[in-house]
Amino acid sequence: MFGTPALDAIVADLVDTMRDANGAGIAGPQIGEGWRIFVVEGSGANPRYPYKPKLPLTVFVNPELEVVDEAPMEIFEGCLSIPGVRGRVARASKVRCAARRPDGSSFSVLAAGHAAGTLQHEQDHLDGILFPDIATPGGLVLADAFDEYHRDAFFAYAARLNDAHPEPWVVEAARGPAVAASTTTRYAPTLTWTGAAFERDVVVAVDAGGRVASVERGRSDGARLPGAVLPGFVNAHSHAFQRGLRGRGETYALDDAARPSFWTWREAMRGRPRPRKNFRGHVALPRYDLVEGLDSVDAFRAETLACFREMAAAGITTVGEFHYFRHGPGRSFEHDLAVVDAAREANVRVVLLAALYERGGFGGEALGPGQRRFASGSLEAYWAALDRLAGVCVEIKSSTRLQSESTSI
């Protein structure tokens, strides 16, 4: 996912949204993205936070926060997700945040004062925490009440913080190429399934490829991860594009003597036969010709991606995609690449079970009209396509992908 247009689009959305609302930072979950990513920026003259220092626009991917100085600051925070409210929150006065850039390179920032508060606020978003959850007792006020009763005193306090931390932002490390594959991210879930029970005080280390590198009991030094962590599930037999059949396969076009079967369902999916009565005497009209509707690569990829994202949200992290929506006369194998690319974007590992589709049924009959678009053309073309796909999949396997909140470990 690093260095891809998909990640660039997420970053652009974050930056545009933050700037449009005069924010000092914004995290992925605030724009509906589950990735562990946030951006911060300080103009030095932000109308929402005029006391915050000038900071360069910085993108943090897979950030890990470390408290360097626990001396507390009491900051009246606001949030783009909770407009019209301010809250007094105790924050550590100095933190270090190690993260990746969108190109995969690593860096580390030592932040102090208001900059440290901003990083802690954005990191909380990635862990499912909003400032009202941790505000001091009685510290929540409406924005109007803040302006009338607290603004002057807090701005004076904010100025003293700036004086106490004249260097609020120091980039400590800036490495060029992507970090080594051995780099791990450590998570400290509330509960972790360890094989026989859910346990507390367990740290799960995840390598750069998204695989579990170690599970350590009696530790809590990882990034906070609220909730319970389970091993990812495996969907061993998927036809992701058939997501488009939902709600559309309950009735079939049948001859008077026919009864529903796998074959009648298949015809409803693939063809548009003339209206006929079903076995109950009701006229059944095929309402959706799925195959024709997904004939373009873009439409097919969109439906497949939506299915993979739903799998990831449900905790399925690996899928065996039984893929036969492939080719057709004069086509290349671009639908195969669309499956691999969609799985990559959804952060789901895929085993592409690429079918050689040359017969129309169990009796060896020729392909029917609705099946011809699945044909491989020839055995030679099929093997050549698999060779090309092998190269693509090796490249994807070796690239570093983002860790997603929506993907179970």
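Q: Which residue follows α1, and what is said of its phi?
A: In this predicted model, α1 is followed by N22, and the phi of N22 is positive, near 60°. N22 is a residue other than glycine, and its place is the loop between α1 (5–20) and β1 (25–27).

Q: Why is N22 called partly exposed?
A: The relative accessible area of N22 is 34%, and partly exposed covers what lies between the buried limit of under 20% and the exposed limit of over 50%, so N22 is partly exposed.

Q: What is found at D201, and where does D201 lie?
A: D201 has a positive phi near 55°, in a residue other than glycine, and D201 is found in the loop between β9 (198–199) and β10 (202–207). With a relative accessible area of 48%, D201 is partly exposed, because exposed would require over 50%.

Q: How do you know that the length of α1 agrees with what a helix should span?
A: The 16 residues of α1, at 1.5 Å a residue, should span 22 Å, and the end C-alpha atoms of α1 are 22 Å apart, so the two values agree.

Q: What makes the buried residues of α1 lie on the same side?
A: The buried residues of α1 are L7, I10, V11, L14, V15 and M18. These residues cover an arc of only 130° around the axis, which puts them on the same side of α1. On the other side of α1, P5, D16 and D20 are exposed, while the buried residues of α1 pack against β1, β2 and β3.

Q: Why is the pairing of E41 and R19 called a salt bridge?
A: The side chains of E41 and R19 meet at 2.9 Å, N to O, and the definition asks for a side-chain nitrogen of Lys or Arg within 4 Å of a carboxyl oxygen of Asp or Glu, so the pair qualifies. E41 lies in strand β2 (residues 37–42) and R19 in helix α1, so the pair ties together parts that are 22 residues apart in sequence. E41 is partly exposed, with a relative accessible area of 21%, and R19, at 46% relative accessibility, also counts as partly exposed.

Q: What makes R91 and D124 count as buried or exposed?
A: The side chains of R91 and D124 meet in a salt bridge (2.8 Å, N to O), and the pair links distant parts of the chain, with R91 in strand β4 (residues 85–100) and D124 in helix α2 (residues 114–126), 33 residues apart. The relative accessibility of R91 is 6% and that of D124 is 4%; buried means under 20%, so R91 counts as buried and D124 counts as buried.

Q: Which residues do salt bridges with shared partners join into one network?
A: The network consists of R36, E77, R91, D124, D127 and R224, and the structure holds 20 salt bridges.

Q: How do you know that F76 is buried?
A: F76 has a relative accessible area of 4%, and buried means under 20%, so F76 is buried. F76 lies in strand β3 (residues 55–77), and the residues that F76 touches, not counting those up to four places away in sequence, include Y51, R86, V141, F146 and F154. The C-alpha atoms of F76 and F146 are separated by 8.8 Å, although the two residues are 70 residues apart along the chain.

Q: Which residues of the largest nonpolar core touch the most other members?
A: Of the 27 residues in this core, they are F241, F300, F308, M311, Y324 and F325. At least two residues of this core are supplied by each of α7 (297–313), β16 (316–323) and α8 (334–346).

Key
Residues numbered from 1 in each chain as written. Predicted model: local features only at pLDDT ≥ 70, side-chain atom pairs only at ≥ 80, totals over all residues. Heavy atoms only, no water. Helix = DSSP H or I, 4+ residues; strand = E, 2+ residues; numbered from the N terminus. Buried < 20%, exposed > 50% of the residue type's maximum accessible area, 1.4 Å probe, protein only. Contact = heavy atoms within 4.5 Å. Expected span 1.5 Å × (residues − 1). Arc of directions from axis to C-beta. Core = buried A, V, L, I, M, F, W, Y, C linked by side-chain atoms within 4.5 Å.
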